[in-house]
Amino acid sequence: MKYILILLLLLVFIFLQSTLFGIPFVVLFLLSLVVLYRSEVIFILAFFAGVLIDMLMIRPLGETSMFLLVYILLIFLYEQKFELKTLPFICVMSFFGSLFYFFCFGSENIFLQLLLSEISGVSIFLLFRLFERSKKKETLS
Amino acid sequence: MKSQRQSLLSVFSICFILSLLLFILWQKGLLHGASTGIGQIVAPMQQHLVAIVQQSRPSILTIDKLQEENDRLRVLLAQKQMVEQENQALRDQFQTTTPASMNLTPAEIVGIPNFFPGVTNIEEFVINKGEQDKIRLGEAVVAKDMLIGKITDVTDHFSKVTLISNPKISFAAKTTGTQALGVVKGIGSGQFIFDNVVLSDSLKLRDIVITSGDVGVNGIGLPQGLIVGKIISVDKNPSALFQKASLQMMIDVTKLTMVFVVSL
């Protein structure tokens, strides 16, 4: 059930990011996944998500995948240095992730976009954490 | 811990190499048809989402309506002036030739990447016509006789349109009133300028700027006489080599759901 939900959410974010909004929802979504689940499967998700985004946005195939993969690898590398499941970490990583995304793929009004990305990143993370906690409570009871 | 890190790195390496391979194949032009299948599945949903967002924008105030009407009348006047000039030229040559007819391919906007209403301006969008519909790179995209942008990327069933306000776009143009020649350049944020106009030419406020035509021998390019925009401010410095003017598009791109690709 959890995996289906993650896949569905990922597809929705890919669709939104490639059709209308400039906010890199997929980057923020994958950030929350890495922080909460720390699984290598996220690399595979990032690869396919990147390819889908490239197809829908008519970008060279593989471009977004490479960006997402490197970004996720960086988060994993910081795993031993920082406590990942904290809001400050999410804020910093969603800021830099969005900034580099805008830098690599081009965007205007970056300041406002970064602010919106930050809010979206934190919201996605909090929603996921809430979901995880409620799941834990269910299993305990 | 070490084995987990090794497995992480190996999955990363495989995915990264695959991405790199896809990227290289795309650059060599071998995967340009890859987006066809998925694109066709998603296109109707994208179309609906774009239409919903365009319709949900706040209704136009009366002053905006008057402005729109005013602009439309200016366009009609510019078209009349163009016809008059064409007639004059034909009369001068004592012969009548039919102007090259244009084929218009209607296309629907299926995606507006990197656009956040109220935050960013539209710099490019994706339409549901591609190589199979005979769309070619560099062709002009219009809406209501007004130049919107150029085709900058084509796949089998989809194309990317870069707007004239994008800094990547520049082309030759002239004013209808004073026939001043110059270059239209996009400067981003939905703005574009009419630059490289010699000081001896005159630029007038609210004058209409049209394309001067840059169609190549292969029949691709911007045809002559497409309306680019109107002059909203003139920057003329006697010590400068050229004068320039700020232009405004006479159509609201954010409300468009359908455009036309011009093929000659």
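**Chain B against chain A**

Author: The contact (heavy atoms within 4.5 Å) takes 47 residues from chain B and 39 residues from chain A. Bear in mind that this is a predicted model, where local features need pLDDT of at least 70 and side-chain atom pairs count only at pLDDT 80 or more, while totals for chains, interfaces and linings use all residues. Residues are numbered from 1 along each chain as its sequence is written, chains are lettered from A in the order in which they are written, and side-chain values use heavy atoms, with hydrogens and water left out.

Reader: How much area do chain B and chain A bury between them?

Author: About 3900 Å², with 73% of it on carbon and sulfur atoms. Buried area here is the accessible area (1.4 Å probe) that two parts lose on being put together, summed over both.

Reader: Which elements of chain B give two or more residues to the side that touches chain A?

Author: Helix H1 (2–27), helix H2 (35–55), strand S1 (103–111) and strand S5 (159–163) of chain B. Helices (H or I, at least four residues) and strands (E, at least two) are DSSP runs, numbered from the N terminus. H1(B) gives the most, with 16 residues.

Reader: And how many salt bridges between chain B and chain A?

Author: The count is 0, a salt bridge being a side-chain nitrogen of Lys or Arg within 4 Å of a carboxyl oxygen of Asp or Glu.

Reader: Switching to chain A. Is A:Ser18 buried or exposed?

Author: A:Ser18 is buried, at a relative accessible area of 0%; buried means under 20% (1.4 Å probe, protein chains only). A:Ser18 sits in helix H1 (residues 2–19) of chain A.

Reader: What does A:Ser18 touch?

Author: Leaving aside neighbours within four places in sequence, A:Ser18 is in contact with A:Leu56, A:Met57, B:Gln46 and B:Pro113. Also, a polar atom of the A:Ser18 side chain lies 2.8 Å from the backbone oxygen of A:Ile14.

Reader: What about H2(A), why call that helix largely enclosed?

Author: Because 12 of the 13 residues of H2(A) are buried, among them A:Phe25, A:Ser32 and A:Leu36. Just after H2(A), A:Arg38 takes a positive phi of about 45°.

Reader: Last one: where's A:Thr64?

Author: In helix H4 (residues 63–77) of chain A. A:Thr64 is buried, with a relative accessible area of 1%, and among the residues A:Thr64 touches are A:Gly50, A:Arg59 and A:Phe105.

Conventions: Buried means under 20% relative accessible area, exposed over 50%, partly exposed in between (1.4 Å probe, protein chains only). A polar contact is a pair of N or O atoms within 3.5 Å; within protein, one must be able to donate a hydrogen and the other to accept it, and residues adjacent in sequence count only if both atoms are side-chain atoms.
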